[in-house]
Amino acid sequence: MSTLVGATPPADHEPYAVPTDGHAPVLPEQPLPDPPSAQPTEPAPEHVVAPPPEPKPTADLAPDAGPDPDPAPDADPSRPLTRVRISHGDLRFARHHVLVGHYPGSTLVGGEGALDELLDGRLSRAALLGIYPGPIETCQVFTDPDEWTRPPGAVVAGLGPIGGLSAASLARATAHAVLTSALGHLTAGASATSTEVRQLRLSSLLIGTGQGGLPVRDSVQALLTGVQRANDRLADTDLGVHIAELEIIELWQDRALQAVEALGSSLTSGELADSFTADLRLEERPGRQRRLLFQEPTGWWQQVRVRSEPDGGLSFEASMRRAGTPTRTVPTQRALVDRLVESLVDSPSPDPSASRTLFELLFPNDLKAQAPDTDNLVLLVDRGSAHYPWELLDDHGTEEDREPLGVRRGLVRQLEGSSMRSHVLSATSSRALVVGDTASGLSALPAAQREARGVADALRQNGFEAEPLIAESGTKVIQALFATSYRVVHLAGHGVFEWPLGDGTDATVTGMVLGNGMYLTAGEVGQMRQVPELVVVNCCHLGSMGPSTPVGPAAPGAPGLPTERAGNYHRLAASFATELIDIGVRAVVACGWAVDDAAASTFAATLYDRLLSGLTFGEAIAAARWQTWNDHPAVNTWGAYQCYGDPDYRLAPDAVVHRATTVRRAPASAEQARVEIENLGQSVDVSRNTRFGLDRLSELYEALSPEDREDDALQVLIARTYNKFGDFGHATQYFEQTLERGGTALTVRDFEVWIDQVVRAAATSDDPVDDAVATIESAIDRLRTLLDNPASLVLGSHAPERVAFLPGQAPGASGGVGIDRLWRVASAYKRLALVTCPERPGSTRSGDWTRTHDALAKMSDWYAAARTASGATDRRRHGALANWLAAELALRWRPVEGRTGLDRSEARRLIEESIGAAREEAYLAPTFWTVAVYGDLLVLDALWSPRATDAEAQHVLDLYRRASDLGSEEQLRQVRDQVDFLIVMAGTEAQRRAEFLQTLRDGLVALDAPPPGTDERDGTVTA
């Protein structure tokens, strides 16, 4: 998202202390119609909670939001214009279903991956089932049935092969996707013969601008062209849908600004100008980020498809970044290639000459030049090409010290043409089956037994149930296999490839030798009701077994017992792995030939260590290969493992994954540190991990040079950021350090923030009540001075006089005061009321309500003034109303003699007037505070009425939970503080209300608790 806007960001994010939704999108002048449930209906009985809005589709029968745009002079008056806007912010704040592109065979990364996470994995589940779009002009619409989910869904458009995307093909893909979405909305609630036109609104990423290689301008023009074609097609066929709005949302400021520029240039003339209208101002959303240096998205895996031909040749289709997708056929002499392969896999000793020769023979010349690239590689192989040792092929020529190709680039296989069973029920338990050798009748495998024990230990240390089966009978292994479900299956022992069963038939078997004529094959794994996610097959400690003449049963080579023979190691791995992929296993690691025991142990230990620490499958495989090559350069074990699966698959729990994805680097310059600190401040609005942000802020400061630390502007920025994270102690420390050096970088708002922090600290300290009261009253005096005349902060007595509207003054007075300053004074009185309340836990002012009553009355007056100062479209007016009504409610519970409180019917009327608009804002423009304040109004609706039930409390808690998905720990804490305030004020005078509030508080505490087993200091800031 972007840099901070204006001189200083708002100081707080709480509607209970300081309103700061200044960067949230403002409601249009003509608000969108209410969601269905917000339409006027018969009044509900008082004891019934008004329901939340029904799921509002992004298509409705209403005109577009805002005033109708002026049509172009020669525009078709029957075709309304489509509004286009560019939003700069986090994807979760997209208004509508998000249009995103997907290349066939690629992984879900970047915006597509973030969208999948926000939609609870709906996209990745479709990809796992093989029904995900990929080829050009394929599309699938995903909608979350939860009405409050943001974004509400996704529209995934297939983009065709990586590298083949152009602006023209993107326009085709966009038109197809938009028409698919329009048809879905049409069939969902409108008739094809209806005279009404449903208005469809979509959001979109800047499709194709990442690894697809399109410039931002081409992407924007293609999106507009696709929408225009879709609208034309819908109009020509008289279908009652029109795309009324396209929102393009982008996380990074530089690309968002490029999109604004591209939008402006695209609409200067021509057909697009006649079809669209746009406001060329960047609309800023929470979580936005900026950067000094453009970086390519990480996590990209380049795809190369390898197919075997009937004549023994190989065809290659390589999807190169920013290039075409060339197909090259390499004629191979099968006998020559097979001989070279056998020379590589017969021994664990490396054979650089054979590796180079095979690389030259198998790879097309056009692709050899691409080999030095640093892209990770996904080899999409078929069954005929799967047995080649692609991991060992090397291009280093005479450069002896260079890392092999398979070490310096991540390399993962995928199987083309897999016949994966249609209904895959994956295991979800944290259990693992680990087999280390069996009672096979063959020679014992001490290395396999050690490996199994080490793997089981590593799994157990990370929360898995894993007791290794060491040299057990085949019967016990099979019984254990079907005893329960397993997420991980690890097999180490003897293996066979197409071994004759010796039963008088031509039947053969491929798998792990169990003994007594028994084998563990992919078929047995496939019979498990719940398919494992990860299977590791290491059946080559003493070599794979090839067909040989069987001899007597009592000796090695007996009927049914294979003999140790080389030549088919790689075929065993390929065959077993492809069969496991067919049954739905997500990731398979199969050893392809005889390996060195010590090197194999290094590979297995590194693989599990990285997987269990949260790395992806591709990252873990790359790390295991590199570590094995680095520690054991005299053997080729690093390349012996054929690894199949999604490179983005993760084995570790989410909490561990968050730790693994946290990248902490020291800034290269003070300006880079400044940008990252700004981004941390913006990320507060979308992060539930305050601890990480505070740790990173401390790291950034420590990494600065002593000279940079003396920069006043940077000190102030750090203070503001600490304040946003809710660490008021550190914020005050940095403010005071700046003041000691003159405070030249401080603004009036910074002084307001500092004073507000003094109030907060006093209200939560263990100081005597009288000291806390004196501090807060002094702070109120300072705030009122700033309200009376802000210039006095700098000019003192020389400041010109200024008349402002303050509580108790005539509403018509000139020189109105902004809501922020009024709110700060109101918030200070609120904390003063809490500090002086005799029923506050630990209070020594038993029974004396005098000062509390006075503070509550002033709190009410000042929040009422803040509400008056807010404009008609200022969303903060709902928060001001909620706080005003909270003060009046406290005074109703604890009445003041001689004071006329707010009448209950008037309070109910005010809530009723506001709750519909608040619900609409929470639904149509969700941020933490729009949703939370809607919940606050529901709380007050219950408290001001004769009811306050547990069901209503649970309903509000559900809203707070939804708000927490859009905000930070600090924001949620502020909601809890508001509930705490009401609990203290209710005391024993409103016991029923206190019980209702306690239910809310308990729910908020549970909501803010970290998941079980999570280290609260670990995690990542979402952006």
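In these legends, helices are DSSP runs of H or I with at least four residues, numbered from the N terminus. The model shown in every view is a predicted one.

**View 1. Asp 120 sits in a loop between two helices.** Let us start with a single residue. Most residues other than glycine have a negative phi. Asp 120 has a positive phi, near 60°, and is not a glycine. Is this residue buried or exposed? Asp 120 counts as exposed because its relative accessibility is 54%, and the cut-off for exposed is over 50%.

**View 2. Asp 437 also has a positive phi, and it is found in strand β15.** Here phi is about 70°, again in a residue that is not a glycine. With 3% relative accessibility, Asp 437 counts as buried, since buried means under 20%. The strand around it is mostly covered: seven of the seven residues of β15 are buried.

**View 3. β15 pairs with β17 and with β16.** Strands of a sheet pair through backbone hydrogen bonds, either parallel or antiparallel. How do β15 and β17 run, parallel or antiparallel? They run parallel and are joined by five bridges. To find one of these pairs, look for Gly 436, whose bridge partner in β17 is Ala 492. β15 and β16 run parallel as well, with three bridges between them. On this side, Thr 438 has Glu 472 of β16 as its bridge partner.

**View 4. Helix α11 packs its buried residues against strands and a helix.** This helix covers residues 446-460, 15 residues in total. From its first C-alpha to its last it reaches 21 Å, close to the 21 Å expected at 1.5 Å a residue. Its buried residues include Ala 447, Glu 451, Val 455 and Leu 459. What do the buried residues of α11 pack against? Their partners are the strands β15 (432-438), β16 (469-472), β17 (488-492) and β21 (534-538), together with helix α15 (597-612).

View 5. Four bridges join β18 to β19 (residues 508-515), and Pro 500 stands opposite Thr 508 in β19. Gly 474, Val 477, Ala 480 and Leu 481 are the buried residues of α12. Seen down the axis of α12, these residues fall within an arc of 130°, so they line one face of the helix. They pack against β15, β16, β19, β20 and α13 (522-526).

**View 6. The largest nonpolar core has 90 residues.** In soluble globular proteins, nonpolar side chains tend to be buried together. Within this core, Leu 885, Met 985, Phe 996, Leu 997 and Leu 1000 touch the most other members. Which helix gives the most to the core? Helix α30 (residues 928-944) does, with twelve residues. Leaving aside residues up to four places away in sequence, Leu 885 touches Leu 902, Ala 907, Leu 910, Ile 911, Leu 940 and Trp 944. Another core, of 43 residues, lies apart from this one, and among its members are Phe 359, Leu 491, Val 535 and Tyr 644.

Conventions:
Residues numbered from 1 in each chain as written. Predicted model: local features only at pLDDT ≥ 70, side-chain atom pairs only at ≥ 80, totals over all residues. Heavy atoms only, no water. Pairing = 2+ DSSP bridges. Core = buried A, V, L, I, M, F, W, Y, C linked by side-chain atoms within 4.5 Å. Buried < 20%, exposed > 50% of the residue type's maximum accessible area, 1.4 Å probe, protein only. Contact = heavy atoms within 4.5 Å. Expected span 1.5 Å × (residues − 1). Arc of directions from axis to C-beta.
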